[in-house]
Each structure stands twice: as structure tokens, then as C-alpha cells.
Amino acid sequence: MSVLCPDDPGDLPAHCTWLGTDALDASAVRRAIPDVTSRTVYLSGAPRDVARLRRALRAAGVRRIRTDVFLGY
């Protein structure tokens, strides 16, 4: 599992990797997760961020994206 968040999440389980705080784009997705096109991606956050990241994931070739937006941002 890869985690992208604005702050260091601290200790993560062994199967998790923090991708950092940089803006995510299609090439960064492919570098971090080489087989991303064969995976289902779960994306949560503020509506604007979810929309931006969903576009980046689509540009990286991801077709299975599940989203959850947090309203009030």
C-alpha cells in the first residue's frame, strides 16, 4: 500500500510506503507503483484533491479507482 499525505504519517505497517508530500502526477504514480495499471486504487480526501489525483491516475493508465470525498474542505 502506498500512502500520500501532507504530513509524515509516522510508523506505518511493514506493507505500507509513504510517498511523501509532493504533488502526485502520472509519472510519479508509475515510478512509485510500477504495476499500478493492474491494481485497484482507493483514493480519499477533499473533493478538489480527489478530482486532481483521479485525473493523474487516469493519465497513468489506472482504470479501477474507488473514491471517497470528505465534504467541508
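Author: A strand here is a DSSP run of E with at least two residues, and strands are numbered from the N terminus. The model under discussion is predicted.

Reader: Where is Met1 found in relation to strand 1?

Author: Met1 lies in the segment before strand 1.

Reader: Why does Met1 count as exposed?

Author: A residue is called exposed when its relative accessible area is over 50%. Met1 has 57% relative accessibility, and therefore it counts as exposed.

Reader: Which residues are in contact with Met1, leaving aside its neighbours within four places in sequence?

Author: Contact requires heavy atoms within 4.5 Å. With those neighbours left aside, Met1 is in contact with His15, Cys16 and Thr17. Met1 and Ile33, 32 residues apart in sequence, have C-alpha atoms 9.3 Å apart in space.

Reader: What makes Ser2 partly exposed?

Author: The label covers values between the 20% limit for buried and the 50% limit for exposed. Ser2 has a relative accessible area of 32%, so it is partly exposed. Ser2 belongs to strand 1.

Reader: How do you know that the span of helix 2 agrees with its 13 residues?

Author: The expected span is 1.5 Å times one less than the number of residues. For the 13 residues of helix 2 this should come to 18 Å, and the end C-alpha atoms are 18 Å apart, which agrees.

Reader: Why are the buried residues of helix 2 said to line one face?

Author: The buried residues are Val50, Leu53, Ala56 and Leu57. Seen down the axis of helix 2, they fall within an arc of 130°, so they line one face of the helix. An α-helix has 3.6 residues a turn, so residues three or four places apart point the same way. The buried residues of helix 2 pack against strand 1, helix 1, strand 3 and strand 4. On the other side of helix 2, Arg48, Arg55 and Ala59 are exposed.

Reader: Why is Val62 called buried?

Author: Buried means under 20% relative accessible area. Val62 has a value of 0%, and therefore it is buried. Val62 lies in the loop between helix 2 and strand 4. Just after helix 2, Gly61 takes a positive phi of about 100°. Leaving aside its neighbours within four places in sequence, Val62 is in contact with Val36, Thr37, Arg39, Val41 and Leu57.

Reader: How many residues apart in sequence are Val62 and Asp22?

Author: Val62 and Asp22 are 40 residues apart in sequence, and their C-alpha atoms are 20 Å apart in space.

Definitions and conventions
Residues numbered from 1 in each chain as written. Predicted model: local features only at pLDDT ≥ 70, side-chain atom pairs only at ≥ 80, totals over all residues. Heavy atoms only, no water. Helix = DSSP H or I, 4+ residues; strand = E, 2+ residues; numbered from the N terminus. Buried < 20%, exposed > 50% of the residue type's maximum accessible area, 1.4 Å probe, protein only. Arc of directions from axis to C-beta.
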